[in-house]
Amino acid sequence: MRFRYLRCAPILLAIILSTACNDPARPGNKVGKPVEATLLCACKPTHITPDDWRIEFKNGSLPRSQPTEISVATMLAWPQGPEPGRRTPRSGRELTLFHVPKAYLQAVFLRKGDCDLHTEVSEQPDKNAPRMIIETPGTPEYCPARTGLYAGVLKRGTTITDLAQEIAQPIPVEITGVSFRDEAHPVWFARGSEKVSTLWELHPAILKVLP
């Protein structure tokens, strides 16, 4: 029996590595398919399950309150804290609306699995700068923000696709969103590139391309 498991181990490892390399959030050599602008407002998730990580808490409306000014650098320095449970409601700073006057968009894609518009931003335009993830849900209320970002990055020469892509010349953006402590993903399910340096996100959030 043990010999059978040993024979299967390389196959299982190959499957895991293949899945990890093909995760849409992990930048690579593959070129994604351009996303039609209409999909930003009419996206139907393909891989949502009832036990998806805290999904009922991360895709709601932005609070109608005065946002707290903050920078990406400050959020990158937040302690990670304990891992929330799968059904743990928002608490602490996750209840605060934040505003980032300026950050730099480094990577972007539309994850068709959950319809989130997935981005990576940094404090500085340096391509090696540490990053955090910002996500805009696919619900109707975020349609204007998603189409606005799509048009803004298109003017800068980037077409949003269904696979993560690096932006050669990082784009300055303004961000408004609620902080969210994400889970530590297993190796086969990437959160983003290797430059993402925190489990904290702004999710939900909206991004606006600056002049």
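Arg93 lies over the face of Trp78, at 4.2 Å from the ring centre. The model is predicted.

Biologist: Over the ring of which other residue does the charged end of Arg93 sit?

Modeller: Arg93 is placed over the face of Trp78. Its charged end also sits 5.2 Å from the centre of a further ring. That ring belongs to Trp200.

Biologist: How are the planes of Trp78 and Phe98 arranged: stacked, edge-to-face or tilted?

Modeller: The structure holds two aromatic pairs. In the pair of Trp78 and Phe98, the ring centres are 5.5 Å apart and the planes stand at 55 degrees. Planes under 30 degrees apart count as stacked and over 60 as edge-to-face, so this pair is tilted.

Biologist: How many residues apart in sequence are the parts that Trp78 and Trp200 tie together?

Modeller: Trp78 and Trp200 form an edge-to-face pair, 5.3 Å centre to centre with 80 degrees between the planes. Trp78 lies in the loop between H3 and E2, whereas Trp200 lies in strand E6 (residues 196-209). The pair therefore ties together parts whose separation in sequence is 122 residues.

Biologist: Is Trp200 buried or exposed?

Modeller: Trp78, Phe98 and Trp200 form one aromatic cluster. The relative accessible area of Trp200 is 7%; buried means under 20%, so Trp200 is buried.

Biologist: What is the C-alpha to C-alpha distance between Leu117 and Ile134?

Modeller: Leu117 is in strand E3 (residues 117-122) and touches Ile134, among others. The two are 17 residues apart in sequence. Their C-alpha to C-alpha distance is 8.3 Å.

Definitions and conventions: Residues numbered from 1 in each chain as written. Predicted model: local features only at pLDDT ≥ 70, side-chain atom pairs only at ≥ 80, totals over all residues. Heavy atoms only, no water. Helix = DSSP H or I, 4+ residues; strand = E, 2+ residues; numbered from the N terminus. Contact = heavy atoms within 4.5 Å. Phe/Tyr/Trp six-rings, centres within 6.5 Å; stacked < 30°, edge-to-face > 60°. Buried < 20%, exposed > 50% of the residue type's maximum accessible area, 1.4 Å probe, protein only. Lys NZ or Arg CZ within 6 Å of the ring centre and 35° of its normal. Lists of a residue's contacts leave out its neighbours within four places in sequence.
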